[in-house]
Amino acid sequence: MAKLQTLKSSVPMLDTRRVQTIHAGSWRTSDQTAAQRGYGYKWQQARAQYLREHPLCVRCKADDQVTAAAVVDHIVPHRGDQSLFWRRSNWQSLCATHHSRDKQREEQRM
């Protein structure tokens, strides 16, 4: 009777280490938690209310598309300035794509 042999995997192991996407010196690199930076319960409530009032992505609307917003974005990055953080005139509703791709590219150029 022949003995079965186990073949070595030809699939390479993935590198699961996190890649840093935040620039050095960013206000986000502090030891503060998201809640300590202002994104706690009060923000979650304000965000939910804003999305109820402004449910569509403003950038998709500008392109004559209708897409549900998933993110309340700060138009001018607040960089920890709590006054700017809570200024509703500085908020806009964005879909995940516009926030994660386009807005992040813009902020990297700033």
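**Figure 1. Overall fold of the protein chain.** The protein chain holds 4 helices and 2 strands, where helices (H or I, at least four residues) and strands (E, at least two) are DSSP runs numbered from the N terminus. Read from the N terminus, the order of elements is α-α-β-α-β-α.

**Figure 2. The largest nonpolar core.** This core consists of 8 residues, namely W43, A46, Y50, L51, A69, V72, F85 and W91. Helix α1 (residues 41-53) makes the greatest contribution, with 4 residues. A nonpolar core is a set of buried Ala, Val, Leu, Ile, Met, Phe, Trp, Tyr and Cys residues joined through side-chain atoms within 4.5 Å.

**Figure 3. Surroundings of F85.** Apart from neighbours within four places in sequence, F85 is in contact (heavy atoms within 4.5 Å) with R37, G38, Y39, W43, H74, H78 and W91.

**Figure 4. D73 in strand β1.** Strand β1 (residues 71-74) contains D73, which is buried at a relative accessible area of 3%; buried denotes under 20% relative accessible area (1.4 Å probe, protein chains only). Beyond residues up to four places away in sequence, D73 touches N90, W91, Q92, L94, H99 and K103.

Residues are numbered from 1 along each chain as its sequence is written, and side-chain values use heavy atoms, leaving out hydrogens and water. In this predicted model, local features need pLDDT of at least 70 and side-chain atom pairs count only at pLDDT 80 or more, whereas totals for chains, interfaces and linings use all residues.

Note on methods
Buried < 20%, exposed > 50% of the residue type's maximum accessible area, 1.4 Å probe, protein only.
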